Amino acid sequence: MTQLSISPIPAFSDNYIWCITSGADAVLVDPGEAAPALAYLREHHLQLTAILVTHHHPDHVGGIGEIIEKCGDVPAIGPKSSTSALNCVVADGDTVAVHGVEFTTIGVPGHTLDHVAYFCAENKLLFCGDTLFAGGCGRLFEGTPEQMLESLGRLQSLPADTRVYCAHEYTLNNLRFALKAEPENADLQQRYRETEALRAANRITLPSTIAVEQKTNPFLRSAIPSLQRNIAREHDLDNYTQVEIFAALRTWKDNS
């Protein structure tokens, strides 16, 4: 197995730009801000070889132009509508070679219609942008509840020990809401305590894993009868579908 090292580069107030390294070579994932990414590359004496983009929001693509200007014309890979700085367009099912290993592109519309995730089966790594968060999921700015539910289902079906690298430090807030939706979940209670301790020490809460998310993330648990009953009671739903439960859960989170 090719050994990869993955490090978070804090950006803005709560973003993470992920840096995937192998030796002195580096790939940046969603560099929305140039300055911290460039500073990290300089400090660690890394040579940028590629950029991966999950979707078009400025906090994910805003730094690409300056980074390419400073580092040279490297492959900038992402979905077609994400940014004019791209020089390699990918869609669902494509493969991308990074440091000698293959990442498969997974189309995950919902947060945006162009959103993709990158999955490395060899190393069991998932870079999922703003689709799947630790303890939550992205807001539906462009897609529908049906699309997001299907997208999360695709990610949920990945191997349980897949490490999940999302793009924001939202975990504590997400889990605080999750406890409203599923207060009886013992795994969730324990995760919340652990996350509280990490944030109190100013430590990162990522990566997560698919297994942890399946146990504690309500947006991956909308088929669980006990959670469905909680959501239905909160929103006065009757004869509901899973999509209606998911949509109500997302609306509840948006308004919380």
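**View 1. Asp 236 sits in the loop between helix H8 (225-235) and H9.** In this predicted model, Asp 236 has a positive phi of about 55 degrees, although the residue is not a glycine. Most residues other than glycine have a negative phi, and most peptide bonds are trans. With a relative accessibility of 71%, Asp 236 counts as exposed, because the cut-off for that class is over 50%.

**View 2. His 45 lies in the loop between H1 and E4.** The backbone of His 45 has a phi near 55 degrees, which is a positive value in a residue other than glycine. His 45 counts as exposed because its relative accessibility is 68%.

**View 3. Leu 206 and Pro 207 are joined by a cis peptide bond.** The omega angle of this bond is about 0 degrees, and Pro 207 is found in the loop between H6 and E14.

**View 4. Helix H3 (residues 64-71) has the buried residues Ile 64, Ile 67 and Ile 68.** These residues lie on the same side of H3, because they cover an arc of only 95 degrees around the axis. An α-helix has 3.6 residues a turn, so residues three or four places apart point the same way. The face of H3 that is turned away from the buried side carries Glu 69 and Lys 70, which are exposed. Among the elements that cover the buried residues of H3 are strand E3 (25-29), helix H1 (34-43), strand E4 (47-52), helix H2 (58-61) and strand E5 (76-78). Just after H3 comes Gly 72, which takes a positive phi of about 105 degrees.

**View 5. The largest nonpolar core has 52 residues.** Within this core, the residues with the most contacts are Phe 103, Tyr 118, Leu 126, Phe 127 and Leu 155. Leaving aside residues up to four places away in sequence, Leu 155 touches Ile 106, Val 108, Ala 117, Leu 126, Cys 128, Thr 131, Leu 132 and Ile 210. A second, separate core has 22 residues and includes Cys 19, Ala 26, Leu 41 and Ile 67; Ile 67 is also one of the buried residues of H3. In soluble globular proteins, nonpolar side chains tend to be buried together.

**View 6. The largest pocket has a volume of about 270 Å³.** Its lining is made of 17 residues, and those that lie nearest the centre of the pocket are Phe 133, Gly 138, Arg 139, Phe 141 and Tyr 170. Helix H5 (171-181) and helix H9 (242-254) each supply at least two residues of this lining, and the largest share, three residues, comes from H9. Divided by class, the lining of the largest pocket has four nonpolar, seven polar and six charged residues.

**View 7. The second largest pocket holds about 200 Å³ of space.** This pocket is lined by 14 residues, of which Arg 191, Glu 194, Ser 208, Val 212 and Thr 216 are the closest to its centre. Two or more lining residues come from each of helix H6 (186-200), strand E14 (208-209) and helix H7 (210-216), and H6 gives the most, with five residues. The lining of the second largest pocket divides into four nonpolar, six polar and four charged residues.

Notes: Residues are numbered from 1 along each chain as its sequence is written. This is a predicted model: local features need pLDDT of at least 70, side-chain atom pairs count only at pLDDT 80 or more; totals for chains, interfaces and linings use all residues. Side-chain values use heavy atoms; hydrogens and water are left out. On a 1 Å grid over the protein atoms alone, a cavity is a set of points where a 1.4 Å probe fits but cannot get out, and a pocket is an open set with protein on both sides within 12 Å along at least five of seven lines; lining residues have an atom within 4 Å of a point. Grid points are joined across faces, edges and corners, and a volume is the space filled by probe spheres set on the points. Helices (H or I, at least four residues) and strands (E, at least two) are DSSP runs, numbered from the N terminus. Ala, Val, Leu, Ile, Met, Phe, Trp, Tyr, Cys and Pro count as nonpolar, Asp, Glu, Lys and Arg as charged, and the others, Gly among them, as polar. Buried means under 20% relative accessible area, exposed over 50%, partly exposed in between (1.4 Å probe, protein chains only). The arc is that of the directions from the helix axis to the C-beta atoms. Contact means heavy atoms within 4.5 Å. A nonpolar core is a set of buried Ala, Val, Leu, Ile, Met, Phe, Trp, Tyr and Cys residues joined through side-chain atoms within 4.5 Å.
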